[in-house]
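Hello,

Here is the structure I promised to pass on to you. Please have it open while you read, and my notes on what turned up follow below.

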Amino acid sequence: MATFVPFKTFLDTAFWREVNKKKLHDWKLDESPKEIYSQLSLYDTKGSECALSLSHDSFTSSSEASNGLSISGGLILYNTRESFKAAATTNSREELMELKATKIWDAVQSRSWLQNPQLLNTFFIIAFADLKKFHYIYKTCVPALIFPKEIQQEIVPLTAYNANESNLFTHHEKASSPVFLLSNVSNEILDLPQLENNNNPDEIIIVIADPCPVSSSAGWLVRNVLAAVAQLHPSWTYCNIISLRSAGSVGFKFSWVSSEGLQSGVPRSSGWEMHYSADLKKYFDPKIMMEESVDLNLKLIKWRLNPDLELERYSNLKVLILGAGTIGCNLARGIVPWGVRHISFVDNSTVSYSNPVRQSLSEFEDARLGRGKAETAVAALQRIFPSVQATAHRLTVPMPGHTIDEKEEEQLQKDIEKLEQLVKDHDVVFLALDSREARWLPTVLACKHRKMAISVAIGFDTYVIIRHGIGSRKDSVSDDSNSEAVPYSQLSCYFCSDVTAPGNSTSDRTLDQQCTVSRPGTSMIVSGLAVELLASVLQYPNPLETPASLDDNTTLLGAAPHQIRGFLNRFQQIHPIVKRFERCVACGDSIADQYQQNGWKFVRDVMNSPKRLEEVTGLDELQDSVDAIDIDFDDDESVVSN
């Protein structure tokens with residue numbers, strides 16, 4: 001026996017909010033049916049029912065839809081609960097459904113459905129809205145004609161029809177055709193009206209855009225098409241159908257008892273859903289409405305552009321941004337639209353008068369009052385999006401070459417412990433700090449705790465983004481010489497290309513050297529690229545194993561480069577891939593061992609003498625060996641420059 005998957009109605013809070021506005025300002029006491037529309041999706045792959053979804057745009061004509069799959073219906077909103085209850089009685093519901101079924105049958109008998117197949121399906125909702133308490137009760141009906149009778153089904157592989165699924169989808173989308181034909185003889189796509197002149201059910205296949213997630217059954221929309229076909233060709237006792245859907249279209253052969261001369265009036269129908277109620281008072285909080293809207297923008301990506309996108313990887317992510325300046329602020333603005341809710345800022349400076357025009361989370365008043373950059377960034381983010389869980393930490397990151405004395409050691413120990421705990425508590429660390437040496441300790445800590453670390457830096461007209469290798473070098477996976485991709489664990493960090501230890505770069509500098517002087521648009525460019533790099537990495541099966549590769553198929557969002565280096569003077573960008581340096585002063589194994597053994601004391605020693613890093617890694621010996629090389633040139637071998 002054939003089974004048809006029914007619809008289940010999903011009315012989101014935006015739909016009821018629109019109902020509230022229209023009831024208050026337009027409909028008032030009018031109880032006449034109001035036209036509404038539902039855009040159906042062929043990309044639903046989960047669940048056991050077809051989704052009839054309505055939102056704020058359901059009151060707009062479906063002619064504006066781009067996917068060609070919609071269903072029109074009506075909403076009757078009663079003024080009182082008693083009126084709704086009267087309409088919801090069995091007799092009243094049967095009368096309403098019979099009225100709608102009659103209109104469908106009229107389209108079948110007049111054959112107008114051949115020109116407009118959307119006449120075969122409709123829905124209607126009866127509802128009552130308590131606007132004071134934001135409480136709603138409703139029932140939905142999607143009428144389906146019970147005709148022909150005793151329908152049987154047989155699943156047929158698409159190969160038996162010699163059907164090209166891609167071509168069928170293309171035609172459906174370009175022609176906005178919910179129902180069309182495929183010739184089983186010529187394999188040509190035909191317009192639906194040609195069905196009228198075809199007398200052999202084996203020569204034609206009816207293609208129906210079907211929002212059904214169940215692979216073993218056809219959806220509710222198919223049922224009325226079968227009724228129309230049986231009425232159009234009373235002698236037929238079967239037909240072939242392709243249920244077009246993104247998760248894998250399904251072929252069916254439906255058969256039935258001959259309907260010739262058996263149907264005189266409107267067939268019986270079915271389609272009422274169960275009674276629903278919704279208490280949405282808490283959901284009409286403006287903050288919650290905004291959160292749902294932000295989520296909606298992301299969920300729309302899954303409709304068509306990237307159905308397999310794992311959005312929860314963003315919403316569950318905890319991001320630590322070191323530096324709440326120009327880059328740090330733009331990074332935060334970039335990750336929030338991706339659904340990131342947990343953000344922590346670390347910065348020890350205050351907003352200056354030069355900051356607000358460059359930093360997207362600070363304003364004039366913040367500079368006037370000398371507010372902290374981290375605190376300012378958090379307050380601004382929460383004004384922009386109240387649901388974000390942002391925290392500020394005023395903390396000085398210990399740096400090589402920035403000497404301290406004994407009385408400062410107690411505070412140093414606390415700062416290091418706090419910074420390490422912050423790194424441990426987060427999944428991703430953005431290094432958006434002003435100086436090279438400020439990135440050293442965060443790199444060491446991110447490496448120790450196997451966190452994703454991304455350095456973001458700018459010059460006057462240049463920028464660089466580097467995602468650091470994960471974990472220690474000795475734990476890295478073996479290299480696959482046959483692959484152009486480099487494993488995440490083997491990627492170099494910000495310091496791997498250096499052969500000297502970082503020192504104090506802030507001393508003895510003129511004003512233009514003390515400030516980050518860059519072309520104003522640079523920070524927005526580099527921040528946006530860094531955010532999208534993270535977004536791409538998170539869509540690898542295991543993000544902590546995302547290799548460096550420029551292959552568009554590396555992740556669900558495309559490539560996942562190791563470095564992005566840009567040059568605005570010629571608007572050029574390169575993507576080098578560099579492997580880890582065994583004697584790196586930040587991610588080298590010897591540095592990890594020293595920090596593991598001596599903790600904050602090792603950091604203290606490095607602050608007072610950066611050369612300590614060169615001693616630990618053996619860079620000093622490497623430098624000495626290079627200096628010891630003496631190359632003598634004979635006159636005939638000398639190099640002359642003109």
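A residue is called buried here when its relative accessible area is under 20%. Please keep in mind that this is a predicted model.

With that cut-off, the buried residues of helix H7 are Met289, Val294 and Leu298. Part of what covers them is helix H1, residues 13-27. H7 itself runs over residues 286-303, and its 18 residues reach 26 Å from the first C-alpha to the last, close to the 26 Å expected. There is also a kink of about 25° in H7, centred on Asn297.

H1 comes up again among the aromatic residues. The count of aromatic pairs comes to 14. One of them is Phe15 with Phe59, a stacked pair at 5.4 Å centre to centre with 15° between the planes. This pair links distant parts of the chain, as Phe15 sits in H1 and Phe59 in the loop between strands E4 and E5, 44 residues apart. Both Phe15 and Phe59 are buried.

Trp16 and Tyr138 make another pair, this one tilted, at 5.6 Å centre to centre and with 50° between the planes. Here Trp16 belongs to H1 and Tyr138 to strand E7, 122 residues apart. Trp16 is buried, with a relative accessible area of 1%, and Tyr138 is buried at 7%.

Six strands form an open sheet in the order E8-E14-E13-E11-E9-E10, with mixed pairing. Strands E8 and E10 stand at the edges with a single partner strand each, so one side of each has no neighbour in the sheet. Further in, E11 (residues 204-209) and E13 (residues 238-244) pair in the parallel sense over five bridges. Ile206 has Ile241 in E13 as its bridge partner.

Two helices lie across strands of this sheet. Helix H5, residues 165-175, lies across E9, E10, E11 and E13, and runs at about 80° to E13. Helix H6, residues 220-232, lies across E9, E11, E13 and E14, and runs at about 145° to E11.

Is Gly370 buried or partly exposed? Its relative accessible area is 34%, so Gly370 counts as partly exposed. Leaving aside neighbours within four places in sequence, Gly370 is in contact with Thr350 and Val351.

Conventions
Residues numbered from 1 in each chain as written. Predicted model: local features only at pLDDT ≥ 70, side-chain atom pairs only at ≥ 80, totals over all residues. Heavy atoms only, no water. Helix = DSSP H or I, 4+ residues; strand = E, 2+ residues; numbered from the N terminus. Expected span 1.5 Å × (residues − 1). Bend = angle between axes of the 7 residues up to and from the residue. Buried < 20%, exposed > 50% of the residue type's maximum accessible area, 1.4 Å probe, protein only. Contact = heavy atoms within 4.5 Å. Pairing = 2+ DSSP bridges. Axes fitted to C-alpha atoms, helices over the stretch in contact; angles between N-to-C directions. Phe/Tyr/Trp six-rings, centres within 6.5 Å; stacked < 30°, edge-to-face > 60°.
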